[in-house]
Amino acid sequence: MSLDFSTGDPRFAVDRPALIARLSVVLPADALLTVEEDLRPYECDGLTAYRCLPSLVALPENEAQVRAILRICHELRVPVVPRGTATGLSGGATPHPDAVVVSMARLKKILRVDPFSRTAVVQPGVRNLAVSEAAAPYGLYYAPDPSSQIACTIGGNVAENSGGVHCLKYGLTVHNVLRVRGLTIDGESVEFGSAALDAAGYDLLALINGSEGLLTLLTEVTVRLTPKPPLAQVVIASFADVRRAGEAVARIIAAGIIPAGLEMMDKKAIHAVEPYVKAGYNLDAEAILLCESDGTPEEVAEEIVRVVEVLDNSGASEIRVSQSEVERLRFWAGRKAAFPAVGRVTPDYLCMDGTIPRKRLADMLEAIEALSRKYALRCANVFHAGDGNLHPLIMYDANQAGELERAVAFGAEILELSVRFGGTITGEHGVGLEKIDLMAEQFASGEIAAFHRLKAAFDEDGLLNPGKGVPTLARCREYTLARAGTAPVTFVAPKS
Amino acid sequence: MIDTLETLTENWADRVAETADRGGTLAIRGGGSKAFYGGPELGEPFDVRANRGIVAYEPTELVVTARAGTLLNDLQAALAEQGQFLPFEPPHFSDLATVGGMLATALSGPRRQAVGAVRDFVLGVKVLTGTGEILSFGGQVMKNVAGYDVSRLMAGSLGTLGLILEVSLKVLPLPAAEKSLRLTMDESGALDRLNRWAGQPLPISASAWHDGVLTLRLSGAVAAVAAAQRTLPGDALADDEATVFWSSIREQTHAFFAGDAPLWRLSLPSAAAPQALGATLIEWGGAQRWWRGGDAQAIRAAGAVVGGHATLFRATDAMKAEYGVFQPLSGPLLRIHRKLKHAFDPRGVFNPGRLYPDF
């Protein structure tokens with residue numbers, strides 16, 4: 001499938017041979033990919049339904065090369081699409097047909113781990129888990145742990161403001177990054193945040209986190225390291241109906257408990273996972289909750305007693321507490337493998353990412369069940385229940401005519417409902433290409449226009465990651481008219 | 001009530017547009033508790049306290065939404081009733097302090113070292129821009145990455161990007177137990193210990209060193225506080241004495257803050273060595289250091305050398321004008337600041353010069 005970038009999206013008149021000639025001067029021969037067979041691996045990110053061959057791929061090894069690429073692209077008005085390991089799920093790194101994809105994969109040095117100040121300075125291509133591994137000898141780790149942490153990079157984490165299963169207690173990327181060094185589109189060095197806890201002026205660091213590569217290219221990140229809790233234990237509770245499971249989540253919070261992780265899986269997810277991982281989940285349950293407690297042994301013991309009591313009072317049909325680190329990891333293995341497990345039982349799936357107020361969890365699950373019937377597609381649900389972030393996995397077969405379109409429409413309805421419930425279309429995966437039309441569901445034209453003005457404050461010519469994150473106002477109008485029933489709905493359509 | 005307030009903010013939108021049309025400026029004012037902070041208040045005084053009240057509060061969602069004119073005291077009382085609080089422990093500096101001023105100044109109290117700052121708890125805002133538009137950003141949920149994070153950008157913008165009308169904040173349950181400890185220690189010893197302890201899983205929620213005395217506060221589960229108290233040196237303070245002490249640090253009523261000498265705030269990497277600049281009080285495990293008097297240029301330079309920055313927190317207008325309140329920005333950053341200001345307040349209606357003299 002290819003992606004149609006021609007309808008109303010920004011296009012750029014690029015003299016490709018001239019561009020190659022200029023870039024060849026500043027990059028080593030092996031750092032510039034120009035032929036189709038080399039470009040092909042870069043045609044998509046984790047959102048594989050959307051593909052587009054880039055014009056060129058550059059693989060800089062240092063900041064000076066990144067600066068040189070940007071200066072040339074800025075001068076020649078060539079768009080730039082930054083890319084880490086492309087594990088993103090919203091198409092944030094999907095190439096633009098006129099763009100140079102700038103892969104940060106070779107900027108992967110851990111420059112410094114300082115246990116005394118509990119910080120690490122890393123290049124953007126360093127993998128999330130590699131930071132924690134480098135900090136481990138000092139009893140420290142990098143707290144945000146997206147499920148893709150083995151592969152995803154810190155640069156990508158900052159770009160998407162990634163979360164994970166522990167962010168209710170330990171925060172998102174924005175809460176764990178102190179400083180970002182980067183380059184503006186015209187190649188000037190900028191630093192957001194500082195080695196201290198704050199910086200002078202506007203909080204641009206907060207703005208850069210989650211800016212999806214639309215504002216600057218990152219070249220260096222200082223992250224905060226957290227002392228590793230001496231002990232963690234997880235409680236698994238099984239429920240005979242999803243409403244009770246949803247209510248138990250609210251009751252845990254109401255009891256004044258902030259668990260280190262609070263996850264929910266429905267029956268379809270459990271049944272996909274259990275044969276694959278053998279985590280020991282209850283196959284009769286309609287939903288299970290995983291509730292983790294961490295800290296000192298005294299602290300964990302105190303909290304586990306309270307959690308078990310709340311779950312018991314909430315009507316859990318079965319409650320188990322991990323009795324060893326091996327067992328804790330096994331209980332988590334199922335949750336962590338949920339996406340690949342679902343991938344085994346369906347040819348393709350779309351992963352949604354709405355967030356809703358916790359009290360609507362059960363309503364949402366029931367609504368998804370109804371939508372599943374309406375679109376005749378299966379859906380497994382994996383939720384970061386503690387912070388209301390949903391990952392419904394809509395299963396489809398791209399080789400069956402119409403299934404992808406139905407899956408996209410199904411997903412859009414879930415996200416519209418998320419907004420109506422008082423939530424958002426994306427909790428941690430980003431808007432990218434995937435949800436760009438749905439931005440009109442959440443924001444009015446005034447906010448969209450403000451986003452464009454903000455973008456222009458960093459990138460006046462709109463060269464950084466064009467066509468992502470924020471829809472054009474024309475596109476918002478089309479979407480709104482379509483939803484009002486006066487025009488046909490056309491989502492960013494992956495076309496055959 | 002809601003209709004009235006909506007009419008009110010619509011009238012304000014008209015006033016802003018009208019002021020912009022005639023090239024005027026507005027000085028946004030809440031309770032005036034932090035009017036001393038930042039550059040001078042220039043423009044027609046614009047009292048925004050009528051826009052007050054808690055819009056929504058659901059303890060099980062850990063989210064509260066309040067209008068900007070709400071008294072900080074009222075918001076905190078409503079949270080306390082449900083056993084919750086604003087974890088960043090914002091300073092009031094007066095009973096008149098408002099929620100809007102808290103966000104606009106983004107000042108955080110002693111607990112900042114353990115839980116994060118105001119901006120870390122901001123989930124959404126409603127603002128009135130310099131073009132008279134009422135815009136909403138972010139939302140009322142913990143995880144939300146749709147659109148740029150304009151909500152957090154408002155934290156510390158000193159009203160220069162728009163008039164904050166409403167803010168949604170993440171809140172947390174009050175800690176089950178707290179205990180404060182006090183020990184005698186010199187400055188370099190205190191900085192060394194504070195950094196080492198911060199690398200261990202200890203529930204230290206606040207720290208203050210001044211004049212050879214280090215005070216620590218532990219917060220968390222009953223068992224965790226008791227265990228840490230056994231591990232750490234120092235004598236326990238009586239609970240009421242501890243409450244008074246931490247309040248005096250947060251509200252700057254401690255003897256260190258008395259008198260008319262200029263007050264500097266240095267935000268430094270916590271591990272930065274002692275700075276020989278004069279009388280000092282150290283907070284946030286070494287990351288926030290206060291100075292009285294001293295050589296302004298030396299203080300500014302000291303901040304920059306170790307990767308931090310210095311703020312002339314309290315001083316005469318003349319001194320602020322001479323040295324500037326905030327650390328000067330690099331050329332590229334200043335350009336971005338000017339353009340952002342232009343994006344939200346193109347005709348420079350709100351609080352000109354309050355953050356930087358340039359805009």
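Mentor: Happy to. One term first: buried area is the accessible area, taken with a 1.4 Å probe, that two parts lose on being put together, summed over both. Please keep in mind that this is a predicted model.

Let's take chain B and begin with its partner. Chain B and chain A bury about 6200 Å² between them, and carbon and sulfur atoms account for 62% of that. On the chain B side, the residues that lose the most area to chain A are Lys143(B), Val145(B) and Tyr148(B), which together make up 16% of what that side buries. Counted by residues, 73 from chain B are in contact with 81 from chain A.

Polar links cross this interface too. There are 28 residue pairs in polar contact between chain B and chain A, counting pairs with both residues at pLDDT 80 or more. As for which parts of chain B take part, the elements that each supply at least two residues to the side touching chain A include helix 5 (118-121), strand 7 (134-138), helix 7 (187-198), helix 8 (222-231) and helix 12 (331-344). Helix 12 of chain B gives the most, with 10 residues. By residue type, the side of chain B that touches chain A divides into 39 nonpolar, 17 polar and 17 charged.

Salt bridges also span the two chains: 6 are found across the interface of chain B and chain A. In one salt bridge, Arg119(B) is paired with Asp203(A), and their closest N and O atoms are 2.7 Å apart.

Chain B is divided into domain 1, made of 2-173 + 338-344, and domain 2, which covers 177-318. The centres of domain 1 and domain 2 of chain B, taken over C-alpha atoms, are separated by 27 Å. Where these domains meet, 15 residues of domain 1 of chain B are in contact with 18 residues of domain 2 of chain B. The area buried between domain 1 and domain 2 of chain B is about 1400 Å², with 56% of it from carbon and sulfur atoms. Three residues stand out on the domain 1 side: Phe93(B), Pro110(B) and Gln113(B) supply 42% of the area that domain 1 of chain B buries against domain 2, more than any other three residues.

The domain interface of chain B has its own polar links. It holds 2 salt bridges. Glu89(B) and Arg217(B) form a salt bridge in which the closest N and O atoms are 2.9 Å apart. Between domain 1 and domain 2 of chain B, 8 residue pairs are in polar contact, again with both at pLDDT 80 or more. The side of domain 1 that touches domain 2 is made up of 8 nonpolar, 4 polar and 3 charged residues.

Finally, have a look at the sheet in chain B. Its 8 strands form an open sheet in the order 13-10-12-11-15-16-14-17, with antiparallel pairing. Strand 13 (235-236) and strand 17 (309-314) of chain B are the edge strands, each pairing on one side only. Further in, strand 15 (residues 280-283) and strand 16 (residues 288-292) of chain B pair in the antiparallel sense over 4 bridges. Thr280(B) has Trp291(B), in strand 16 of chain B, as its bridge partner.

How values were computed. Residues numbered from 1 in each chain as written. Chains lettered and ligands numbered in written order. Predicted model: local features only at pLDDT ≥ 70, side-chain atom pairs only at ≥ 80, totals over all residues. Heavy atoms only, no water. Domains from an automatic or database assignment. Contact = heavy atoms within 4.5 Å. Salt bridge = Lys/Arg side-chain N within 4 Å of Asp/Glu carboxyl O. Polar contact = N/O pair within 3.5 Å; in protein donor to acceptor, adjacent residues only side chain to side chain. Nonpolar A, V, L, I, M, F, W, Y, C, P; charged D, E, K, R; others polar. Pairing = 2+ DSSP bridges.
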